[in-house]
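Subject: Model handed over, with notes on what was found

Dear colleague,

Please find the structure below, followed by my notes on it. I would be glad if you could read them with the model open beside you.

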Amino acid sequence: MSKKILSVVLALVLCILSLFAVSCGNGKTGGDGTGEGTGAQQGGNKVKVGFIFLHDQNSTYDKNFMDAAEAACKAAGLSEDQYIFRVNVPEGNECKVAAEDLVDQGCNLIFADSFGHEEFILAVAKEHPEVQFCHATGTMAHTEKLANFHNAFASIYEGRYLAGVVAGMKLNEMIEDGTIKADEAKIGYVGAWPYAEVISGFTSFFLGARSVCASATMEVNFTSSWFDVNAERDMANALMDHGCKLISQHADSMGAPSACEERGVPNVSYNGSTLESCPNTFLVSSRIDWQPYFEYIIGAMKNGTAIDTDWTGTLKNGSVKLTELNTSAVAEGTAAKLEEVRTALENGSLHVFDTSKFTVGGQTLTEYMADVDTDAAFTPDTNVISDGYFHESEKRSAPYFDIIIDGITRLDQNG
Amino acid sequence: MKAKESKREPLFHIVRRDHMPTWNRMLIRVLAVLAALIFCGILMVAIFHIDPFRFYRSMLDGAFKTPRRRWYLLQSMSILLCISLAVTPAFKMRFWNIGAEGQTMVGGLATAAVMFYLGGKIPTPLLFVAMIAAAILSAMIWALIPAVFKARWNTNETLFTLMMNYVAIQLVTFCIGNWVKSGSGILAPMSKYGLPKFGPSDYFPNILTVAVLTVLMFVYLRYSKHGYEISVVGESENTARYIGINVKKVILRTMALSGALCGIAGLLLVGGTNYTVSTSIVDNQGFTAIMVSWLAKFNPIFMILTSFLVAFLQAGTKQVSTDFRINESISDIVTAILLFFIIGCEFFIQYKILFNHRQKGSEQA
């Protein structure tokens, strides 16, 4: 009896095995011949886009890019085989491998989303002049001057400033209802690295908060990682222990927002809404909406027009956005105040980095040499203060405001 | 009926096998791999509703479709193989070194440090010598620290080497924080100080180096006195002492060798591939290597197969994730299923299942 069972089982296994062998054969022969650049030659348009992302949807940073890319490709009418997503591509040789592989698959437009991808993408761009390469957050396109290598960023400091206004209003509310005293209005900020992008972000956020809550101060610390859930959570907790009454962050995980939700401390998020997981403490989030940029580059490819070497998205062109306010958590009158500030920013009557609004070591800045043209020694090369304000993201798209202003304490240096 | 049931024996019992011909063992393992792949295919249909044939094809495409992918497969496999070779002598000695991740990282960091501080300041051939020496020595020291503690004070090497990994990661973060003045936390690649390239692919020098190391390691373990001593210490420390082997010396020497090989892996990763260092540069291969080495029964030649298998799975499942737009954790799932089957099949190699024939009634068998 058992022998019969055994033989039946064996026969079954053999059947499945032979099926597998057939499938292997199919895979190999099919894989070698077809599939080369099918998307590129399809229909009238000649766009096939390859996207390179540092992490996957679990990172708020990459999710923000991925959602925008998906939406832009759909809006541009690209079919499923006309765009490829490569996720979890580290900032090393793997990035070069991924980019070259996308070229092999017939992509003629390749985009990478992380700062550390830049040099690897640049190397591939030099080898493939026929393919356009776009890189977000990078700094080298305007000095490299390659026809097929482009940088992009957005004036996110405007969004951060608006988010800061929401934070300041919340602090005011807490002062008014007696939860905290005016001199306790301390904000905690979880930064990734002490890099200009982060410094520019927290400074504009702080200036926004202080524009409505004059007694606000801020403490900043850094996790030394762009994505580290535990480190971000621990740091948010440490800042709250240190007396911070409101937390914001520039790091890419849910670490800080979830720590705030656990302790009921208001949080201003980044990269997108965290309302779903933090319904009680989420106030608002600023983010860069990359969809306008993606639509712009895909459109340029379709029409055969040139892509800007260094593109800056703004509040006006829809690249800098605030998410919906969490109406159950924000202070009364926030929406109206936001509208007012937004209008002032858009019509140019208000500048985020107005030098009359902040001091450095007690002094008002009249000129500042920033490192706009990237070099190995990070030499300051361009004066970026004129007409009474710091011209952020105007000399190049990636931020270069890297000054610690009065009212902000860097805990990694002073605490 | 009831009376008969009470006499029932279990359907089968398990007996340890005396021996099994090698070809038979290999067949069982190959069957296990195939069964795992079939199981993955079924899973793909059930969970993601993917045509299983497209799934297999996607896996093959991901690894082999273009020459670039084939070379990259060899490259990934070589780095993994190099770290697997590194952990092997220590494991054979039953010294549970799970610090290959950190040792490789330190080797890579030392390479990067030499490139960062000396690049362009000393003649290129000298720079290469310094890079190689720094990588090997630093990783060797990193491996020797827990070995010294083990040999002298009998500390737990598993915990110690594990902790050393975290120290290595912090060290990399610290150095990057200090080296990169812009504060971006990203060390720009120093491509011009990279190790020389030759052969049909940029990866060829790496692949060649590891191929040579594999043969050397095989010979060392199989035919040298050191290799014999490692086996004896692994079998029984007391026996080793009895026949006059200096166990402490063997532990230290073997860990130094482990570290040196990790250093070479770090050198190849930083000096020969990425030209920069980051905390994710080893990408957990220090842990994957343990599996690769174990699956190959600590035999360097079999390790060529097992490292190939793992590298193939990684490349293949990445392609599956890209093609079908599903999360990359699919890669870990498939790898885990495969390991489960391979480790599970060892049971059938060690034991055989005997079905009990019931005494009662008409005997058919």
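A word on helix axes comes before anything else: an axis here is a line fitted to C-alpha atoms, for helices over the stretch in contact, and angles run from 0 to 180 degrees between N-to-C directions. Please bear in mind that this is a predicted model, in which local features need pLDDT of at least 70 and side-chain atom pairs count only at pLDDT 80 or more, while totals for chains, interfaces and linings use all residues. Residues are numbered from 1 along each chain as its sequence is written, and chains are lettered from A and ligands numbered from 1 in the order in which they are written.

Chain A

With that in hand, the axes of helix 6 (residues 156–176) of chain A and helix 7 (residues 196–212) of chain A come within 6 Å and cross at roughly 40°; helices (H or I, at least four residues) and strands (E, at least two) are DSSP runs, numbered from the N terminus. These two helices of chain A are therefore oblique to each other, given that angles under 35 degrees count as roughly parallel, over 145 as roughly antiparallel, 65 to 115 as roughly perpendicular and the rest as oblique. The residues of their contact divide into 14 nonpolar, eight polar and two charged, where Ala, Val, Leu, Ile, Met, Phe, Trp, Tyr, Cys and Pro count as nonpolar, Asp, Glu, Lys and Arg as charged, and the others, Gly among them, as polar. Two residues are in contact if their C-beta atoms, placed from the backbone, lie within 7 Å.

After helix 2 of chain A comes A:G77, whose phi is positive, near 75°.

Chain B

Chain B has 14 helices and two strands, and 42% of its 365 residues are buried. Its C-alpha atoms fill a box of roughly 90 × 60 × 35 Å, taken along the principal axes.

Helix 3 (residues 52–64) of chain B packs with helix 13 (residues 300–324) of chain B at an angle of about 120°, their axes being 7 Å apart, and the pair is therefore oblique. The residues of this contact, which include B:F55 and B:M59 of helix 3 and B:F312 and B:V320 of helix 13, divide into seven nonpolar, five polar and three charged.

Helix 7 of chain B has 23 residues and reaches 32 Å from its first C-alpha to its last, close to the 33 Å expected. B:M164, B:V172 and B:I176 are among its buried residues, and what covers them includes helix 5 (100–118) and helix 6 (124–153) of chain B.

Where the chains meet

The contact between the chains takes 37 residues from chain B and 38 residues from chain A. On the side of chain B, helix 3 gives the most, with five residues, and the residues of that side divide into 13 nonpolar, 15 polar and nine charged.

With best wishes

How values were computed
A residue is buried if 20 or more other C-beta atoms lie within 10 Å of its own, exposed if 12 or fewer, and partly exposed in between; C-beta atoms are placed from the backbone. The expected span of a helix is 1.5 Å times one less than its number of residues.
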